[in-house]
Amino acid sequence: MLVDLSTTPVAKVLGQVSAERRIGDLQIRVGKFVKTIFFDSGRAVFAASNMKKDRLGEALMALGRITPADFERASALMKEGEHRRRFGEALVKPGVMDKDELGRSVAKQVKRIILSLFEYSEGLAVFEERPCSIPLEYMVSLSMHRMLYIGIKTMMKSRELVLTGLGDLDRWMTLATVPPFPFGVRKCSAEELEILEQARSRVTLRRLAWAPGGLSMNRLRIVYALVASGLLQDVDAQRGVPQPPVQMETSTFLLSALQARPDPS
């Protein structure tokens, strides 16, 4: 898979990889920067980046959770012994962080990297099908439905890409019977609440995105977020169209979460 992000929104790429339950690496390349999302059966289980601000150590230092001395000590530990350690392992070994706190930090970092992708309106997306290279003990699990909802609504800036993602604005839509991820309305704006209320009955995308004077960029973005995340459903869509699988969300490493709360899927 090779996709030009100036003509195809990254949200569509992420949704497709997840819906098709792909296993492998999705690289997003913008200039000299590369961000990689690791998928296992459609689940986003890890993310990496060659941008300094996206690295775990730098992020933890910026938050004040570790000191420069802790960073240097962990960096040195990574190189000791026959087997190269991950940075997180090098923080756990001397007791700077415990495994649970590390898991929470990694999950937040993966989420930040994925959400940052929605800002891009250029670059290339390249997916390579191969066995997931992330060890089970370092996998997290994020709901791609939620990532699509938050990323589109808060990060997308290109009107053209939002319109491309929405497609035919005269399609009829309605609210999903069951949201594909835990969704509450407490943080919804008045405009989003109005859109959700309209969608209780059959309504076109154009009507949902319409404001006095024409199509509103903010309403277009909200509607695209609701559609891509599965909160709005196409009334006339054919059965069998693949959707991102409903996924267990963890705020820590997947294995730790499964031990505490087994998930049949």
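Helix α6 (residues 144-155) and helix α10 (residues 217-228) pack at about 170°, and their axes lie 8 Å apart, an angle that makes α6 roughly antiparallel to α10 (over 145 degrees counts as roughly antiparallel, under 35 as roughly parallel, 65 to 115 as roughly perpendicular and the rest as oblique). The model is predicted, so that local features need pLDDT of at least 70 and side-chain atom pairs count only at pLDDT 80 or more, whereas totals for chains, interfaces and linings use all residues. Residues are numbered from 1 along each chain as its sequence is written, and side-chain values use heavy atoms, with hydrogens and water left out.

- The contact (heavy atoms within 4.5 Å) involves L148, Y149, I152 and K153 of α6, together with R221, I222, Y224, A225, L226 and A228 of α10.
- By class, this contact of α6 with α10 comprises 8 nonpolar, no polar and 2 charged residues (Ala, Val, Leu, Ile, Met, Phe, Trp, Tyr, Cys and Pro count as nonpolar, Asp, Glu, Lys and Arg as charged, and the others, Gly among them, as polar).

**Sheet**
- An open sheet of 5 strands has the order β1-β5-β2-β3-β4 with antiparallel pairing, where strands (E, at least two residues) and helices (H or I, at least four) are DSSP runs numbered from the N terminus, and two strands pair if DSSP finds at least two bridges between them.
- The edge strands, each pairing on one side only, are β1 (2-4) and β4 (43-49).
- Strand β2 (residues 24-30) is joined to the antiparallel strand β5 (residues 124-129) by 6 bridges, and G24 has E129 as its bridge partner in β5.

**Helix on the sheet**
- Helix α1 (residues 10-19) packs on the sheet, touching β1, β2, β3 (33-40) and β5, and its direction makes about 175° with that of β2; axes are lines fitted to C-alpha atoms, for helices over the stretch in contact, and angles run from 0 to 180 degrees between N-to-C directions.
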